[in-house]
Amino acid sequence: MRYALVGYGISNKQLCKLLRKMGYDVFVSEARMLTDEEKVELESFGAAYEEGRNSELILKADRIVVSPSVKPNHPIISIATEKVVTDLDVVFSILRPKCIIGVTGTNGKTTTCNMLTHALRKLYKKVDCLGNVGNPVAKLIEEDIEYLVLELSSFQLFWAKKIPLDIGAILNISPNHLDWHPDFEHYYRSKIKLFDFSNVRVYNAQDPLLVSLAREYKNTVGFNCVKANREEMILELSGKKYHFYNSYLYTSQNLWNLSATLEILRVLGFKSEDSLQFLEDFKPPKHRMQFVGEINGISFYDDSKSTSAAATIAALENFDSKRVVLILTGRGKNEDYTKLTEVILMKAKAVVMFGEMVNLLAKTLISRQIDVRIVQNMEEAVQEAFEIADSGDVVLLSPAGSSFDLYRNYEERGEHFEIVVKSMLGG
């Protein structure tokens, strides 16, 4: 069998190595120019390749493995969709762990997957977290695990043919990635494919769209958000109250992530009190409502991972009205910003903007009499926000757009924010 790998990113690099080790012919087609290191790597694998284009040589393969970034309207791929698979399809045809848990959603995927992995490890299970978290699923072949936690994006789900999931969880669905998907229906239909692959289906019972879509399936389990008393550090689950002291998880977003994690663990047969105990020392990944520091009573939060309107709305809900100086920046995803504008009007004292987001939202926000300050870069944004804020206020980087106008990724953007804040702190 001959494989064509379209795109040579993290997942296909690991897959190429695996397939060549197994003796398959591999042809790599990369639209960008490959680095010298990548060429040396491919030659060491014994894989043929092309760079700077995706040619019809792809069509000579028996199976075409696409990187998640490849769009549905790709001129070559779109005429051979019957051959198209993902690295997930290939790897699971070779090896399948005892239990596979797939997680998707517009927001909260990575945190929920990490939380679930953390708890399962504390429960003495052999577990790893792979997929959209940046760890390619082909690594599975080299590991001895019982439980696989698999983060899945809408891109992966769109292209996938069959993923053998024991449990599939959808955390929420709101418009996102409409620069990749042609419309919102295409996006949520890609997400709901997770349920087509799952034996047990877990979903957010307070998401109206998910509730409607879940009616089409059997073996569904809905979850609601746990009730929380932040002052007394108490969670209420199914009428029972538990002391829970992990302050990181008392944000509005993480209470939802925690609720999903507890429901998945319950389906697996673990008691909520045990699961909570093993999550007391869990810390969410960086750049997600991360407290950076305080200057003159003004708190600074890095929420660079919020790359959509819905994510920024969720971030703003953590704070009192008119106590937030919001920093918006980044590249839009063809979203409707009407609801975000309404929440900003209610929650934000002012908005500081730079990057491509200025052209998308500045005029709209100004027309609603929102105090908007346009700056040129992160240093100016943090300084301007600090000058606007008063003691007791929050400066929140929650961009509502991807980072690709000015940064390589959201991590680099968040790190830049933290560096600027910490330089003001003198460290």
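How are helix 13 and helix 14 oriented to each other, roughly parallel or oblique? Keep in mind that this is a predicted model. Helix 13 spans residues 378-388, and helix 14 spans residues 410-425. Their axes come within 10 Å and cross at roughly 50°. Angles under 35 degrees count as roughly parallel. So helix 13 and helix 14 are oblique to each other. The crossing of these two helices is right-handed.

Who meets whom here? Helix 13 brings Met378, Glu379, Val382, Gln383 and Phe386. Helix 14 brings Arg413, His416, Phe417, Val420, Val421 and Met424. Sort the residues of that contact by class: 7 are nonpolar, 2 polar and 2 charged.

Now the start of the chain. Helix 1, residues 10-21, and helix 2, residues 36-45, cross at roughly 20°. Their axes come within 10 Å. That angle makes helix 1 roughly parallel to helix 2. This crossing is left-handed. On helix 1, the contact uses Lys13, Cys16, Lys17 and Arg20. On helix 2, it uses Glu38, Glu41, Leu42 and Phe45. The classes here are 3 nonpolar, no polar and 5 charged residues.

Stay with Cys16 for a moment. Leave out residues up to four places away in sequence, and Cys16 touches Leu5, Tyr8, Val26, Val28, Leu42, Phe45 and Ala47. Cys16 also belongs to the largest nonpolar core, which has 46 residues. Which residues have the most contacts inside that core? They are Leu5, Cys16, Phe92, Leu148, Leu150 and Ile163. Helix 6, residues 184-196, gives the most to this core, with 5 residues. As background, nonpolar side chains tend to be buried together in soluble globular proteins.

Next, helix 10, residues 309-316. How many of its residues are buried? The count is 7 of 8, so helix 10 is largely enclosed by the rest of the structure. The buried ones are Ala309, Ala311, Thr312, Ile313, Ala314, Ala315 and Leu316. Their cover includes helix 8, strand 17, helix 11 and strand 20.

Take helix 11 from that list. Helix 11 covers residues 338-347. The axes of helix 10 and helix 11 come within 9 Å and cross at roughly 20°. The two helices are therefore roughly parallel to each other. Their crossing is left-handed. Helix 10 makes the contact with Ala309, Thr312, Ile313 and Leu316. Helix 11 answers with Lys339, Leu340, Val343, Ile344 and Lys347. By class, that contact has 6 nonpolar, 1 polar and 2 charged residues.

Last stop, a loop. Leu279 sits between helix 9 and strand 15. Is Leu279 buried or exposed? Its relative accessibility is 0%, so Leu279 counts as buried. Leaving aside neighbours within four places in sequence, Leu279 is in contact with Met115, His118, Ala119, Phe244, Asn246, Leu249, Leu258, Thr261 and Leu262. Look at Asn246 in that list. Asn246 and Leu279 are 33 residues apart along the chain, yet their C-alpha atoms are separated by 7.7 Å.

Key: Residues numbered from 1 in each chain as written. Predicted model: local features only at pLDDT ≥ 70, side-chain atom pairs only at ≥ 80, totals over all residues. Heavy atoms only, no water. Core = buried A, V, L, I, M, F, W, Y, C linked by side-chain atoms within 4.5 Å. Buried < 20%, exposed > 50% of the residue type's maximum accessible area, 1.4 Å probe, protein only. Helix = DSSP H or I, 4+ residues; strand = E, 2+ residues; numbered from the N terminus. Contact = heavy atoms within 4.5 Å. Axes fitted to C-alpha atoms, helices over the stretch in contact; angles between N-to-C directions. Parallel < 35°, antiparallel > 145°, perpendicular 65-115°, else oblique. Left-handed = near helix turned anticlockwise from the far one by under 90°. Nonpolar A, V, L, I, M, F, W, Y, C, P; charged D, E, K, R; others polar.
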